[in-house]
Amino acid sequence: MNPQPAITVPDYALAVVERLESRGYEAYVVGGCVRDSLLGRQPNDWDVCTNALPEDVLRVFRRFHVIKTGLQHGTVTVMSDKQPVEVTTFRIDGHYSDNRHPDAVSFVSRVEEDLARRDFTINAMAYSPTRGLVDAFGGQEDLAAGLIRCVGEPDARFNEDGLRIMRALRFAARFGFAIERETAASVRRNRHLLENVSAERIFKELKGILVGAGVLDMLLAFPEVFSCIIPELAPSIGFDQHTPYHCYDVWTHSAYAVAAAPADEILRLTMLLHDVGKPGCFSMGEDGRGHFYGHPAAGEKLTKTILQRLKSDNATLSTVCTLVRVHDMTMPTTVPGMRRLVGKLGVENVRRLLDVQRADHAAHSDYDHASGVALIRDAAELLEDVLEMEPAFTVKDLAINGNTLMQLGMKPGPAMKQVLETLLTAVQEGELENTTDALIKKSERLIAAIN
Ligand code: ATP
Ligand code: MG
């Protein structure tokens, strides 16, 4: 028997547990908050489970603000000291005919029965200050060993709900845990169940996996799971690049590149997909080296298809597509060149591109490594210098605008746009100062030349 761990339940959640107990019910904090507390992490939210039936919960909390979140599944949200606490009646889930939603739930009286329906041992613990920790499936032991293990028989549990396959990888990635052997074998065997899970939920879990500290191990250990949700990645697995720049196949390189990028959803999605176009663009040069001409553009196309299918939001889709398209561009080495790039991509995306190139480089072989790193560092310094110069990146940054040109006698239209573009280029090339006077003088000459 482990010594009873002390979990510090915040007052607002404790108030919910104590109120149920004072009315004669059993109540515990449960799931993620118990797991995170035992790990010494700050829980996101505090969930409560209880033997009180939903109508009893509504009655006990009638003078609280209560939201009937999922009453048919036994869940109500109680606002306690302005914080939401989900209170769920002990339940078991009925049959899952669609590998996703239980057809019905039944309420049960013992906390152990409720814990048995939960996905992983580390998520199946409950705690109450008066009753202590309830750990019926070895959750503490698995936390100590760093293991994600299904509660019960893995095949059966994944068949009930295919999303659990992604959740297993997400929790393992988040905590840097391994997936226990039988659970891992079952993940691989049952990966096709992900076909029954909605794209939105898969995408959300995928992003969770990618930003996890342990993502590298998951990508290396479960390529077939990732290629099940993104079939376009399948050809990358084991694809030999035949070049001294790469010590890894395309998949392994991409996995290391993901892990080398800052833990940000956009950057890590980009690294996962940056070389997705490579296998389709492979050619063998006369020198016996592999080439991948056009792979960034091909990759952008595939990335768009993939992210649309995953129901990505548009901002993520368009940024990741842009970064995949430009990921291996040669960075500018001059002030005007850097200004043009910033004008085209925006400052934020140029910064992201530098992160992408750093991560890509970190996952290359040592061949020519130092010179690549130096180029990226120089580009990063150039960017900072250019930003300090308060330059113009787009026509909007020019000291004059269309109104000024109208006062000079121009009409809005393509010719006006052309004049503004010409002014911008001159400013970016350093031939013209970005001041009202200088721009008006130059405009007058340009307008005279048109007429
Ligand atoms: P997070 O920190 O990501 O919120 P969490 O453990 O709180 O982690 P939730 O998705 O909020 O995860 O779910 C709360 C609890 O409900 C889990 O700890 C687990 O016990 C149970 N649970 C959630 N989803 C499932 C599922 N698909 N199958 C079985 N049990 C689940
Ligand atoms: Mg949670």
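**Domains, pockets and selected residues**

The centres of domain 2 and domain 3, taken over C-alpha atoms, lie 38 Å apart. Domain bounds here come from an automatic or database domain assignment. That assignment gives domain 1 (11–151), domain 2 (198–388) and domain 3 (397–450).

This is a predicted model, in which local features need pLDDT of at least 70 and side-chain atom pairs count only at pLDDT 80 or more, while totals for chains, interfaces and linings use all residues. Residues are numbered from 1 along each chain as its sequence is written, chains are lettered from A and ligands numbered from 1 in the order in which they are written, and side-chain values use heavy atoms, with hydrogens and water left out.

The largest pocket holds about 1,400 Å³ of space. Its lining counts 35 residues, and Asp47, Glu86, Arg117, Arg167 and Arg201 are the closest to its centre. Two or more lining residues come from each of α2 (32–38), β2 (47–50), β5 (83–89), β6 (91–93), α7 (163–175) and α9 (199–210). Helices (H or I, at least four residues) and strands (E, at least two) are DSSP runs, numbered from the N terminus. A pocket is found on a 1 Å grid over the protein atoms alone: it is an open set of points where a 1.4 Å probe fits, with protein on both sides within 12 Å along at least five of seven lines, and lining residues have an atom within 4 Å of a point. Grid points are joined across faces, edges and corners, and a volume is the space filled by probe spheres set on the points.

Which element gives the largest share of the lining of the largest pocket? That is α7, with six residues. Domain 1 and domain 2 each contribute at least three residues to this lining. By class, the lining has 19 charged, nine polar and seven nonpolar residues. Ala, Val, Leu, Ile, Met, Phe, Trp, Tyr, Cys and Pro count as nonpolar, Asp, Glu, Lys and Arg as charged, and the others, Gly among them, as polar.

The second largest pocket has a volume of about 870 Å³. It is lined by 33 residues, and Tyr245, Asp328, Asp360, His361 and His364 lie nearest its centre. β13 (290–291), α17 and α18 (369–388) each supply at least two lining residues. The largest share, six residues, comes from α18. This lining divides into 16 polar, 10 nonpolar and seven charged residues.

Helix α17 (residues 347–362) also holds Asn349. Asn349 is buried, with a relative accessible area of 13%. Buried means under 20% relative accessible area, exposed over 50%, and partly exposed in between (1.4 Å probe, protein chains only). The side chains of Asn349 and Arg352 form a polar contact of 2.8 Å. A polar contact is a pair of N or O atoms within 3.5 Å; within protein, one must be able to donate a hydrogen and the other to accept it, and residues adjacent in sequence count only if both atoms are side-chain atoms. Not counting residues up to four places away in sequence, Asn349 touches Thr319 and Leu323. Contact means heavy atoms within 4.5 Å.

Now turn to Asp114, in helix α4 (residues 111–116). Is Asp114 buried or exposed? Asp114 is buried because its relative accessible area is 0%. Its side chain reaches the backbone nitrogen of Arg91 at 3.0 Å. Beyond four places in sequence, Asp114 touches Cys49, Thr89, Phe90, Arg91 and Val108.

Val16 lies in helix α1. Val16 is buried too, at a relative accessible area of 0%. Leaving aside neighbours within four places in sequence, Val16 is in contact with Val48, Phe61, Val78, Ser80, Val85 and Val87.

Glu26 sits in the loop between α1 (11–22) and β1 (27–30). Glu26 and Asn51 are 25 residues apart in sequence and 5.7 Å apart in space, C-alpha to C-alpha.

Two loop residues remain. Asp81, in the loop between β4 (75–80) and β5, has a positive phi of about 50 degrees although it is not a glycine. Asp81 is exposed, with a relative accessible area of 63%. His242, in the loop between α11 (223–229) and α12 (250–260), has a positive phi near 50 degrees. His242 is partly exposed, with a relative accessible area of 36%.
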